[in-house]
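I am opening a notebook on this structure, and I mean to write down what I look up in the order in which I look it up.

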Amino acid sequence: MPFDCQVHQTQVRTSLAEGRGAGSSFSDSTGRGVWSGSIVLAQWLITNGEVLRFTLGELARPRDRRRPRCVELGSGVGALCATAAAYLGCDAVATDLQEIVALTRRNVCITVLRAAAHGHLFRGTLRAAPLMWGEGEEASVLRDEGNGEGGECAADLVVLADVVYALKGENNSESTSLLRALVRTIKGLSDRKTTIILAHTPRHPATDDAFFQRVLPENDLEAVRLDVSRCPLGADIKRKVNLYQIRYV
């Protein structure tokens, strides 16, 4: 990682009846480590930090006298939100399932304390909150970010890494339902001014096709490939991970 993000390894177990969205399931390892997609996306945010700070601030919502808001979905240890808070000056919230977010909060606290101990003060703020995909809970996350009554209910930046995957058993119907819940949450957090960045490691072609070819278009969204060549990372990891901007059409 571009800075020291402490990962506190705590056992997290969830029954197959639960998951990131209603009726979904996921591996016990979910939420307990920094995946390749997070590493590439975090470095991309830093590499493009100067442009992003201008885009998220002066261009996106010039009348607002506040820091940009960032929401990370499927955060796990919260590495991407830490990057957005530290390098982009965002008020950032890392979201995950209720049973995982306690670990996220611990890592958020450790990351901020370790950064301060080494003289690296965050430009923005960083916190963690539970968020179930597809359940219409997005407004509460944004209100907690300081969006008072009558304010704009949209994040300026939404980041996601390695959240498009096949569920245990590769049940296409369940996987597609989870992806639809994810996209409902993305739309609940965003508007046409929001910058939405997805890091994706291709693993299951059928699931990838369902997301990029069906679920996004049916929700009037598209994924545009981003260039990672300027990111100071090894060639292997840059070949492994694809980066996309998700846009309204």
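**Entry 1: the cores**

I began with the largest nonpolar core, which has 35 residues, and I noted that Leu41, Trp44, Cys70, Leu88, Leu126, Leu157 and Leu243 have the most contacts inside it. For my own use I wrote down that a nonpolar core is a set of buried Ala, Val, Leu, Ile, Met, Phe, Trp, Tyr and Cys residues joined through side-chain atoms within 4.5 Å. Buried means under 20% relative accessible area, exposed means over 50%, and partly exposed lies in between, with a 1.4 Å probe and protein chains only.

Next I looked up which elements give two or more residues to this core, and I found helices H1 (36–47), H2 (49–59), H3 (79–88) and H4 (98–117) together with strands S2 (91–96), S3 (125–130), S4 (157–161) and S5 (195–200). H3 gives the largest share, seven residues. The helices (H or I, at least four residues) and strands (E, at least two) are DSSP runs, numbered from the N terminus.

There is also a second, separate core of 33 residues, and Ala129, Leu182, Leu198 and Val215 are among its members. As background I noted that in soluble globular proteins nonpolar side chains tend to be buried together.

I must keep in mind that this is a predicted model, in which local features need pLDDT of at least 70 and side-chain atom pairs count only at pLDDT 80 or more, while totals for chains, interfaces and linings use all residues. Residues are numbered from 1 along each chain as its sequence is written, and side-chain values use heavy atoms, with hydrogens and water left out.

**Entry 2: two residues and their neighbours**

Which residues does leucine 243 touch, not counting those up to four places away in sequence? I listed Val40, Leu41, Trp44, Ile197, Leu198, Ala199, Val224, Arg225, Leu226 and Val228, where a contact means heavy atoms within 4.5 Å.

I then turned to valine 101, which has its place in helix H4 and counts as buried because its relative accessibility is 0%. With residues up to four places away in sequence again left out, valine 101 touches Ala94, Asp96, Ala128, Ala129 and Pro130. Valine 101 and glycine 76 are 25 residues apart in sequence, and their C-alpha atoms are 7.3 Å apart in space.

I checked the span of H6, whose 18 residues should reach 26 Å at 1.5 Å a residue, and its end C-alpha atoms are 26 Å apart, which agrees. The expected span is 1.5 Å times one less than the number of residues in the helix. Among the buried residues of H6 I noted Leu178, Leu179, Leu182, Ile186 and Leu189.

Helix H7 (residues 205–218) has 14 residues and reaches 19 Å from its first C-alpha to its last, close to the 20 Å expected. Where does H7 bend? The bend, of about 30°, is at phenylalanine 211, taken as the angle between axes fitted to the seven residues ending there and the seven starting there. The buried residues of H7 pack against helix H6 (172–189), S5, strand S6 (221–225) and strand S7 (242–248).

**Entry 3: the aromatic rings**

I found two aromatic pairs in the structure. Rings of Phe, Tyr and Trp (its six-membered ring) pair if their centres lie within 6.5 Å, and planes under 30 degrees apart count as stacked, over 60 as edge-to-face and the rest as tilted. Phenylalanine 211 and phenylalanine 212 form an edge-to-face pair, 5.0 Å centre to centre with 85° between the planes. Phenylalanine 212 and tyrosine 244 form a tilted pair, 4.8 Å centre to centre with 45° between the planes. This second pair links distant parts of the chain, since phenylalanine 212 lies in helix H7 and tyrosine 244 in strand S7, 32 residues apart. Phe211, Phe212 and Tyr244 form one aromatic cluster.

Is aspartate 162 buried or exposed? Aspartate 162 counts as buried because its relative accessibility is 7%; it sits in the loop between S4 and H6, and its phi is near 50°, a positive value in a residue other than glycine. Aspartate 220, in the loop between H7 and S6, has a positive phi of about 60° although it is not a glycine, and at 46% relative accessibility aspartate 220 counts as partly exposed.
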